Amino acid sequence: MKRLPEPELMVEPEQVSAYAEADFEEPHSNFINLLKKYCSKASEARSVLDLGCGPGDVTFKFADAFPKATIDAVDGSKEMLEFAKNILGDIPELRGRINYTHSMIHDYKSTKEYDLIYSNSLLHHLMDPMVLWNKIYEISSEETKIFVMDLLRPETIGEAKKLKELYVSNEPEILQRDFYNSLLAAFEVDEVREQLSQAGLSKLEVKQISDRHLIVFG
Ligand SMILES: C[S@@+](CC[C@H](N)C(=O)[O-])C[C@H]1O[C@@H](n2cnc3c(N)ncnc32)[C@H](O)[C@@H]1O
């Protein structure tokens, strides 16, 4: 099935609040567990970058799991960052460890050397996926660990409909729409391998880890 891109930024008020208020406990905890498994040195990371942080749930879970880390969290949606900042305001123990930046990924500049760069569910939003891989190449060093998780594009529309039915049929209509559109906008494993090769990141590994997710790590 051909890729059908979706809008990059999540800025519609109804869309943002549905996403921010959804229960992502299971998938986001799974993200942290997979990061621990595939990035064995994550617990040593002090300086960390979260690309496409959205309303912040993954960032909070990361900060909670890795108490020595300070996290720069970047998103191009002011609406998403408002949610993240409001929630952070209610968690005093995490204040000072998470710094938000409102920026598009390709515009983000940093002079820091990150120990770990991670991203969840950003790649499929990008019109041009090379924006993510080129940015990672630009700001990482030989020592930087990378962990990216994203959706995997199903082979057919029928398969995408089945996954929507299986995983989000009890969610609000807008989340069901976004999940379906995101599946159609996602990439296949071979496409991601080709992107990594173009970006000079062939050392990173790509692995399908469920019927709808892939990870990139190394
Ligand atoms: C599906 S959400 C994922 C949020 C978060 N990582 C999570 O797992 O809950 C994707 C986020 O990426 C942001 N985004 C998409 N394209 C972007 C770009 N080019 N630059 C910056 N942020 C972008 C969107 O605004 C949105 O907040």
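1. The model under discussion is predicted. Helix α1 (residues 13–21) packs with helix α4 (residues 78–89) at an angle of about 35 degrees, and their axes are 10 Å apart. The crossing of this pair is right-handed.

2. The contact between these two helices can be stated residue by residue. From α1, Val16, Ser17, Tyr19, Ala20 and Glu21 take part, and they meet Glu79, Met80 and Phe83 of α4. Sorted by class, the contact of α1 with α4 comprises five nonpolar, one polar and two charged residues.

3. Asn120 belongs to strand β4 (residues 116–120). Its relative accessible area is 13%, and because the threshold for a buried residue is under 20%, Asn120 is classed as buried. Leaving aside residues up to four places away in sequence, Asn120 touches His28, Phe31, Leu51, Gly52, Val58 and Met149. The C-alpha atoms of Asn120 and Thr59 are separated by 9.8 Å, although the two residues are 61 residues apart along the chain.

4. Ser121 is not a glycine, yet its phi is positive, at about 60 degrees. Ser121 is placed in the loop between β4 and α5 (130–139). Its relative accessibility is 24%, so Ser121 counts as partly exposed, whereas Asn120 is buried.

5. The length of helix α6 (residues 157–168) is consistent with its residue count. At 1.5 Å a residue, its twelve residues should span 16 Å, and the end C-alpha atoms are 16 Å apart, which agrees.

6. Which residues of α6 are buried? They are Ala160, Leu163 and Val168. Because these residues cover an arc of only 80 degrees around the axis, they lie on the same side of α6. Lys162, Glu165 and Leu166, on the other side of α6, are exposed. The buried residues of α6 pack against α7 (173–185).

7. The pairing of α6 with α7 can also be described by its geometry. Their axes come within 10 Å and cross at roughly 145 degrees, and the crossing of α6 past α7 is right-handed. On the α6 side, Ile157, Ala160, Lys161, Leu163, Lys164, Tyr167 and Val168 are in contact; on the α7 side, the partners are Gln176, Phe179, Tyr180, Leu183 and Leu184. This contact of α6 with α7 divides into nine nonpolar, one polar and two charged residues. The three buried residues Ala160, Leu163 and Val168 are included among the α6 residues that meet α7.

8. Helix α8 (residues 189–199) has Val189, Val192, Gln195, Leu196 and Ala199 as its buried residues. Viewed down the axis of α8, these fall within an arc of 120 degrees, so they line one face of the helix. Asp190 and Gln198 are exposed and sit on the face of α8 turned away from its buried side. The cover over the buried residues of α8 includes α5, β6 (205–208) and β7 (213–217).

9. The residue after α8 is also of interest for its backbone. Gly200 follows α8 and has a positive phi, near 80 degrees. Ser121, by comparison, has a positive phi of about 60 degrees without being a glycine.

Notes: Residues are numbered from 1 along each chain as its sequence is written. This is a predicted model: local features need pLDDT of at least 70, side-chain atom pairs count only at pLDDT 80 or more; totals for chains, interfaces and linings use all residues. Side-chain values use heavy atoms; hydrogens and water are left out. Axes are lines fitted to C-alpha atoms, for helices over the stretch in contact, and angles run from 0 to 180 degrees between N-to-C directions. Helices (H or I, at least four residues) and strands (E, at least two) are DSSP runs, numbered from the N terminus. A crossing is left-handed if the near helix is turned anticlockwise from the far one by less than a right angle, and right-handed if clockwise. Contact means heavy atoms within 4.5 Å. Ala, Val, Leu, Ile, Met, Phe, Trp, Tyr, Cys and Pro count as nonpolar, Asp, Glu, Lys and Arg as charged, and the others, Gly among them, as polar. Buried means under 20% relative accessible area, exposed over 50%, partly exposed in between (1.4 Å probe, protein chains only). The expected span of a helix is 1.5 Å times one less than its number of residues. The arc is that of the directions from the helix axis to the C-beta atoms.
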